[in-house]
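User: I am new to this structure and would like to learn how to read it. Can we go from one residue up to the whole assembly?

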There are 2 protein chains.
Amino acid sequence: MKIGVLDISKAIEDVEVAFKALAEGRIVNPPKTVLDFYETGGSYKGHIVSMPVHALSPYNVACIKWAAGFVRNPQRGLPHGIDVIVISDLETGKPLAIMDGTLITAVRTGAVNAVAAKYLARKDSEIAGIVGAGVIGRTTAWGLQAVLELSELKIYDIKRDKAEALARELGPEAKPVSSVQEAVSESDVVVTATTSEEPFVEAEWLKSGVLCIQMGKREIKEKAIVSMNKIVVDNWEQYRNYDRALVTKLYKSGLIPRPFELPQIVAGQSPGREGQGERILFDSFGLACEDLAVAYRLYQDAVKGGFETKLALWDYPHWV
Amino acid sequence: MKIGVLDISKAIEDVEVAFKALAEGRIVNPPKTVLDFYETGGSYKGHIVSMPVHALSPYNVACIKWAAGFVRNPQRGLPHGIDVIVISDLETGKPLAIMDGTLITAVRTGAVNAVAAKYLARKDSEIAGIVGAGVIGRTTAWGLQAVLELSELKIYDIKRDKAEALARELGPEAKPVSSVQEAVSESDVVVTATTSEEPFVEAEWLKSGVLCIQMGKREIKEKAIVSMNKIVVDNWEQYRNYDRALVTKLYKSGLIPRPFELPQIVAGQSPGREGQGERILFDSFGLACEDLAVAYRLYQDAVKGGFETKLALWDYPHWV
């Protein structure tokens, strides 16, 4: 913690710099490789995802995140996601740092949502509603608090005590609410961060000028998505073949146009919000360049602060 | 070294077990992701490859190799390739081990070639010729010595002193020779392990019953490849879209049939050598499951032997 892994403002800056580099071609972020695992009985057990990326200016490193997520981990007292990040030098391929990526992933995801809010929410947004008081709900709340002047932050969770605990953590403007509808109605920014398979946010609940941040890919009802004035994703390439995402399904059915991409918006290559009344949806998969940006800053600060542990790959190179 | 990273016989066993598991569907080995890097002037600088894999019985782990190769490393006193391997538990996603993969890569590649020799060379092979006295030439020589009763092992390298030094290392049956033709002619097993872009092994030099192991993908002349009785690769999926490989080019031109795969041969699903006179080519890209197999054995032996260094990903899980 000492080196700032939980510093959401720095992570927001990191993500903006990375998105600009990605849009301008200085970062190459290939598709993830997903390994899925099932119990002997056939039920879903978890996944591990390989996320390689390389970045020229201002980084000059390559990076891989090896990101696990296992359904039963919380029962075991472990985080659902457990991630490892390796950063390598682009001149020699030598690993510069090997670090835990679990908190980095949580924080950078909140930071990405904050960047979405910065470019896509109304500047005068005052009320936000978050559905799902888990790790991503928490870091997204931090992100919204960092980029907007919120007077009210409503938190809903199926488990009332989780919503109450998170609201206490987040400060006086935060309060637990008793229904999804209460969290969504009148909110300028709506965040859904759940594992629901069934969409549950009704079109009628969404006010004019809203920004919806849908983390679970199947939370906003189709009618509401189709009625959006603008749909933005982090990277369309990642969505195109993922039919579980409602935006992909609706695009393939011809019901919505090809979504915009947030990195292009940050780089000024695509429009952000174009009017007070626009209803905008932001939907994201996560990109390795976001992890790279935060991990690289932490690596540098760890070295500056003397917090690193030096590891030897070998005592001497055996063969050159 | 204490835990046996240079033990070629164990690595050969490891690779056979992994190939059988792969052919029988217990290992899932997705395609690699390759990141290529160029100097400002446009010349090729190096690459980093992401190689994820997961393995059920007898492993129950997932593994990633993050494998760098940089052209100018040897000038800097560094190995051309520098690799990191992470092994993760398939029940929780927790990393079990993070280790250097540089020597593992070199040794498993020699072991794969040994497995190819075991299934594809004539049982009575006595003479082998190796072109290219680098790291892969060395570990392949070890592998051939482990699986064949060689009376003569000819080593050729553009740099005569490298061939001499390797021959001294390899024992009394090894000797440096002065030309590619001398290394290839009369050899029962021919290995090319060079970075040549121009094929240089003539069809006329290859004797009846030969096994050619082509590591550089463009070393055996097209006429010789077309005249082979059997062509075997490690994994056809990896070749199909890689036109730089001569076997891919010749397949696409309709000049050779679809190659066999070594894992299927090891598992008894495809034929190996079917006659003393067959000329067989083995061509390979390398598979992450080979690294997994060797790394997993080393991890287990390191823990048993008390050679491991324990690393903490965190002091306590921050959020569960």
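Analyst: We can start with a single residue. Phe37(A) lies in strand S2 (residues 33-38) of chain A. Keep in mind throughout that this is a predicted model.

User: Is Phe37(A) buried or exposed, and why?

Analyst: The idea is to count the C-beta atoms around a residue, with 20 or more inside 10 Å as the cut-off for buried. Phe37(A) has 20 C-beta neighbours inside 10 Å, so it counts as buried.

User: Which residues is Phe37(A) in contact with, leaving aside its neighbours within four places in sequence?

Analyst: In chain A, Phe37(A) is in contact with Lys45(A), Gly46(A) and His47(A). Leu90(B), from chain B, is also on the list. For a contrast, take Gly254(A), which is 217 residues from Phe37(A) along the chain. The C-alpha atoms of these two residues are separated by 33 Å.

User: How do I read chain A as a whole?

Analyst: Begin with its elements: chain A has ten helices and 14 strands. Then look at its extent, which is about 65 × 45 × 45 Å along the principal axes of the C-alpha trace. The radius of gyration of chain A is 20 Å, which agrees with the value near 20 Å for a compact globule of 320 residues. Of those 320 residues, 53% count as buried. Among contacts in chain A with a separation of 6 or more, 64% are between residues 24 or more positions apart.

User: What domains does the assignment give for chain A?

Analyst: Domain 1 is made of two segments, 8-104 and 288-305, while domain 2 covers 121-283. The centres of domain 1 and domain 2 of chain A are 23 Å apart, taken over C-alpha atoms. Where they meet, ten residues of domain 1 of chain A are in contact with 13 residues of domain 2 of chain A. The domain 1 side of that meeting consists of six nonpolar, one polar and three charged residues.

User: How should I read a helix, say H2(B)?

Analyst: Compare its span with the expected one, then see how covered it is. Helix H2 (residues 102-120) of chain B has 19 residues and reaches 27 Å, close to the 27 Å expected. In H2(B), 18 of the 19 residues are buried, so this helix is largely enclosed by the rest of the structure.

User: How many residues of H3(B) are buried?

Analyst: Eleven of the 13 residues of H3(B) are buried, making it mostly covered. They include Arg138(B), Trp142(B) and Val147(B). Helix H3 (residues 135-147) of chain B reaches 19 Å from its first C-alpha to its last, close to the 18 Å expected.

User: How are two copies of a chain related?

Analyst: In general, two copies of a chain are related by a rotation about an axis and a shift along it. Here a rotation of 180 degrees with 0.0 Å of shift superposes chain B on chain A, with an RMSD of 0.1 Å. That is the relation of a two-fold axis. In chain B, Ser50(B) has the C-alpha nearest the axis, 3.8 Å from it. Both copies use the same surface, as 100% of the contact residues of chain B recur in chain A.

User: Which element gives the largest share of the side of chain B that touches chain A?

Analyst: Strand S4(B) does, with six residues. In total, 41 residues of chain B are in contact with 41 residues of chain A. The chain B side divides into 27 nonpolar, eleven polar and three charged residues.

Technical notes. Residues are numbered from 1 along each chain as its sequence is written. Chains are lettered from A and ligands numbered from 1 in the order in which they are written. This is a predicted model: local features need pLDDT of at least 70, side-chain atom pairs count only at pLDDT 80 or more; totals for chains, interfaces and linings use all residues. Domain bounds come from an automatic or database domain assignment. Two residues are in contact if their C-beta atoms, placed from the backbone, lie within 7 Å. Ala, Val, Leu, Ile, Met, Phe, Trp, Tyr, Cys and Pro count as nonpolar, Asp, Glu, Lys and Arg as charged, and the others, Gly among them, as polar. Helices (H or I, at least four residues) and strands (E, at least two) are DSSP runs, numbered from the N terminus. The expected span of a helix is 1.5 Å times one less than its number of residues. A residue is buried if 20 or more other C-beta atoms lie within 10 Å of its own, exposed if 12 or fewer, and partly exposed in between; C-beta atoms are placed from the backbone. Copies are superposed by least squares on the C-alpha atoms of residues with pLDDT of at least 70 in both. The radius of gyration is taken over C-alpha atoms; the globule rule is 2.2 Å times the number of residues to the power 0.38.
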